Amino acid sequence: MRAATYFFIFVNLALAVFEEPAVYPLPFLVTSLVEVVCLLVFFARLAHFAKVTHRSVFWKDTKNICIMVAILLSLTDLAIYGILRIYNVRSIRWSRIVRPIFLINFAESRQIRRAFRSIRNTLPEITYVFLLFMFSLLMFSLMALKLFGERNLQTAEGLPYFRNYLEIVFDLYVLVTTANSPDVMMPAFDFSSWYALFFIAFVIVNTYIFMSLFLAVVYNNYKKHLKVRVGAGGLCW
């Protein structure tokens, strides 16, 4: 039963690879039938669990309620999407975001739930570091707007360079990952090589300092919560 449950959870999550927009698109009828089969298996597993569990205990368990709600939402969304598709109306499969609920809430996923709860308990404690990082990103974006916005610079594609604040925020956010480096600074660098100092300062502060600090806070808090749960024998909810 555990192997079968994990298999159908994996298939259900993997449907995102084949549903539009997809890497390897399959016909809607194929993906919808596979999803219905997965949901039926999940319902059967839940019904089997209800047979061997006292009714009051079963209905007090929030995991079972979450699974039932996720099944109903998925079936509702699938039906609505199919009807709209018949009438050639574009829509979005919004129920995809509930699919990880099956991975977390089945009784077999005890270790995953423990890791998920540790992550959930860690999130409030890293909020301050995240807010500081966002403040730094917004301030650097404002400085970039003042430095480059009025110089009528253009990108290599001929587009306006650093004249829209929200676009600047996004470009500098990507620069934190260095994915667009050094392309993002080349129009400013071509105008004056001294402008490279702005981007160097940004990378030092946000990539090397804030990201290292962010990682340290996440790791230490996650380790603390995990140690507490393991020490308390927290293998169940």
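Author: Welcome! Helices here are DSSP runs (H or I, at least four residues), numbered from the N terminus. This is a predicted model, in which local features need pLDDT of at least 70 and side-chain atom pairs count only at pLDDT 80 or more, while totals for chains, interfaces and linings use all residues. Residues are numbered from 1 along each chain as its sequence is written, and side-chain values use heavy atoms, with hydrogens and water left out.

Reader: Which helix holds F210?

Author: Let's start with I204, which is found in the helix made of residues 196-231, α10. F210 lies in that helix too, namely α10.

Reader: Is F210 buried or exposed?

Author: Buried means under 20% relative accessible area, exposed over 50%, and partly exposed in between (1.4 Å probe, protein chains only). I204 has a value of 42%, so I204 counts as partly exposed. F210 has a relative accessible area of 14%, so F210 is buried.

Reader: Which residues does F210 touch, not counting residues up to four places away in sequence?

Author: Contact means heavy atoms within 4.5 Å. With residues up to four places away in sequence left out, the partners of F210 are V129, L132, F133, S136 and V205.

Reader: How far apart are the C-alpha atoms of F210 and H48?

Author: Along the chain, F210 and H48 are 162 residues apart.

Reader: What percentage of residues 126-145 is helix?

Author: The end C-alpha atoms of residues 126-145 are 29 Å apart.

Key
Helix = DSSP H or I, 4+ residues; strand = E, 2+ residues; numbered from the N terminus.
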